[in-house]
Amino acid sequence: MDTTEHRYGHSFDLASGAYLRPVRLFPSADGTWPLPENVVAFAPTVEPGPYQWLRLDAARQAWELVPDYRGVMLWDTGTATPLPNRLQLGDDLPEGVTVLPPLTIEPGAPLRNAWNAQVQVWELIPAYSDRPLWHKADGRVASPLPPGVPLPDELTDIRPPADVEAPVRFVEPEGWVEVARPSSR
């Protein structure tokens, strides 16, 4: 028997069937190459892609590519918030969940993340619904805008001065300016 020969098997997790790694086999005294319980003689023939892994089929006859989102950060596409990940090897992503993190928004920016299901990406949309708004013409409080509606030209989210008694209006780029009252004669 040639003792310099190296043979390898391929190990898998007994509970999940997940491919682990190649393992060196050792011959027995009778010249056979016994396989441990969690090892098969055949190698995978494909490489897993992103969010895939190899799993031994139930008959232990072939390796199959299955979804693998274990240990991956998951995001709710409705709220752009993180979700606990309890997915197992072979589980597909549930509806309304993505692995793509929401886009970064600078603090105070009037934006929010919205999931575009058609192209499977996050998009930033205007978000003035939780901000006070004022009419530029006279400083009156404006009604809130629904999410996704851009700020109309006639509104601003810059608060008018509180310490001014004269009427004001918003002028670009100066901001709020006092408006002269008509003189009464």
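1. Tyr19 is buried, since its relative accessibility is 13%; buried here denotes under 20% relative accessible area, exposed over 50%, and partly exposed the range in between, with a 1.4 Å probe and protein chains only. This is a predicted model, in which local features need pLDDT of at least 70 and side-chain atom pairs count only at pLDDT 80 or more, whereas totals for chains, interfaces and linings use all residues. Residues are numbered from 1 along each chain as its sequence is written, and side-chain values use heavy atoms, with hydrogens and water left out.

2. The structure contains five aromatic pairs. Rings of Phe, Tyr and Trp (for Trp, the six-membered ring) pair if their centres lie within 6.5 Å; planes under 30 degrees apart count as stacked, over 60 as edge-to-face, and the rest as tilted. In one of these pairs, the ring centres of Tyr19 and Trp63 are 5.0 Å apart and the planes stand at 85°, so the arrangement is edge-to-face.

3. Trp115 counts as buried at 18% relative accessibility, and Trp122 counts as buried at 7%.

4. Tyr19 and Trp63 also belong, with Phe42, to one aromatic cluster.

5. Strands (E, at least two residues) and helices (H or I, at least four) are DSSP runs numbered from the N terminus, and two strands pair if DSSP finds at least two bridges between them. Strand S4 (residues 52–56) is paired with strand S5 (residues 63–67) in the antiparallel sense over five bridges. Within this pairing, Leu56 stands opposite Trp63. The two strands, S4 and S5, form a hairpin with six residues between them, and Arg60 in the turn has a positive phi of about 55°.

6. An open sheet of three strands has the order S12-S11-S13, with antiparallel pairing. Strands S12 (141–142) and S13 (155–156) stand at the edges with a single partner strand each, so one side of each is left without a neighbour in the sheet. Strand S11 (residues 133–135) is joined to S13 by two bridges, and the two run antiparallel. Trp134 stands opposite Thr156 in S13.
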